[in-house]
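Open your viewer, get ready to select residues by number, and follow along.

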Amino acid sequence: MSRKTRREMLAALGATAAVGLAGCSGNGDGGDGGDGGDGGDGGDGGDGGDGGDGGDTPTPTEDMGGMTETDTSAGTDTMGTANVRIAHFSPNAPNVDVYLDGSVVLEDVPFRAVSDYLEVPAGAHTVEVTAAGDPDTVAFEGEVTVEAADYTIAAIGNLGGDENGFEPLILEDDNSEVADDTARVRLVHASPDAPAVDVTAGGNAVFDGLAYGNAATGEVPAGTYTLNVRPDTEENDGDVVGTFPAQFEGGTTYTVFAGGYLSPDDAMGDAAFDLTAVVDSGAGGGGLVDPANLRVGHFSPDAPNVDVYVDGDAVLTDVPFRTLSDYLTLPSGTRTVEITAAGDPDTSVFEGDVELAAADYTVAAIGELDGDEAFRPLVLEDDNSDPGGDQSRVRLVHASPDAPTVDVTAGGDAVFDGVAFGETGTATVPANDYTLNVRGDTEANDGDVVADYDVSLNGGTVYTAFAVGYLSPDDEPADEAFDLQVAQDASY
């Protein structure tokens, strides 16, 4: 099962090296910097630099609302030592060996691998890339001139392809010191079938129109980000095709590579799109973090429509009673969740920290604003694993404030026994059609039926049934009748 589609990302050459390469240079122009990410308010972004052409390419520094495009110009010193690392991001190429001036320096390098820096004398060198263990199968051979600086040579493109063919993308790395409260992040677009994209965070454009074969460098306030990748549009409002949580530590420089194919079934290889992050220099730590998947349900019958904030960003707006959202991809860790009246951020009904591991969660707003059961969030970890081809997993969430502890039976058998308000029960049953009878809890599970519901449960499928509303709405703060809402959580 995959609810999360990992797709396209990045590009724009914000700072390229003054590097000469026989027969190959950096591709195209970079996209524009955007209005900033989670960390701040944005001004206008700067333009990305041109692809490497053997000359200096200084880029103006402009405020992008927390992300500042940096100026990295190459020097002209060909004396001394260069630090060079190799990155393998050609998605249909095999593992490779890398030779420098006829001597092997890296062996059996797999796709998505990024080497440590290698010290080499500044000047001209012959670089050769071959299939691992097969020096006669040469993918690339050419002369590369490096100065006394830091470089990344990324093998990108389709091996044997006419469009976006295999080539080395040579980037000079800005590993200068960065402030303790700031992270420098470079994004490298190495996905051959990905279009130009926009990247947004916290509703603001961070990168705009970034194309394949390019990179962009910016500085962001240290912190947690959720990067949303969208096809390039003028308003940066394309459909989100990939969401990538990241933690960027202060005083640290990162490179994030976007590699693989968006549509591997239609491409020259089967390596799916994903991101790879490495620490280039500085304090270290952070990078891409494992995602947590969280959905929110509004099951407080007397509460108005609500807005939901995570870490200060609105993730859901104007959510009515009985609504369950889709899963949202968030960084794992401690997240601050706040629920307010819709359109009224000053009327907060809940604010608190929620600890999220790399798992699936449901946060259900239950209880009453004006009643016996206090309004509160019920945080549930969701077991969305495969229950088996002929089995269904069903979870019952009791969110009806005036309903007693209940039993739920089907065909005379107890499916759930003694589930109280604010509690849950889980059962795995054979896939079939059922009539579920909701009863007051008794020892023999034979209480009076207060409601019955016909459900069809499919094999290999996970469900959550939310018992919501009031059994006696005439006696309660809101006219919201009891109901059983069944949501499909996952299917295999």
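Start by selecting Val185, Phe207, Val220, Tyr225, Phe248, Phe273 and Leu275: of the 25 residues in the largest nonpolar core, they touch the most other members. A nonpolar core is a set of buried Ala, Val, Leu, Ile, Met, Phe, Trp, Tyr and Cys residues joined through side-chain atoms within 4.5 Å; buried means under 20% relative accessible area, with a 1.4 Å probe and protein chains only. Next, colour the strands (DSSP runs of E, at least two residues, numbered from the N terminus). Those that each supply at least two residues of this core include E12 (182-190), E14 (204-210) and E17 (242-248). Apart from this core lies another, of 22 residues, with Leu396, Val408, Tyr463 and Phe482 among them.

A word on what you are viewing: this is a predicted model, in which local features need pLDDT of at least 70 and side-chain atom pairs pLDDT 80 or more, while totals for chains, interfaces and linings use all residues. Residues are numbered from 1 along each chain as its sequence is written, and side-chain values use heavy atoms, leaving out hydrogens and water.

Now for the rings. The whole structure holds six aromatic pairs (Phe, Tyr or Trp rings, the six-membered one for Trp, with centres within 6.5 Å; planes under 30 degrees apart are stacked, over 60 edge-to-face, the rest tilted). Select Phe89 and Phe257: this pair is stacked, at 4.6 Å centre to centre and 10 degrees between the planes. Phe89 sits in strand E4 (residues 81-89) and Phe257 in strand E18, 168 residues apart. Both are buried.

Last stop: how are the rings of Phe244 and Phe273 arranged? Their centres are 6.3 Å apart and their planes at 55 degrees, so the pair is tilted.

How values were computed: Buried means under 20% relative accessible area, exposed over 50%, partly exposed in between (1.4 Å probe, protein chains only). Helices (H or I, at least four residues) and strands (E, at least two) are DSSP runs, numbered from the N terminus.
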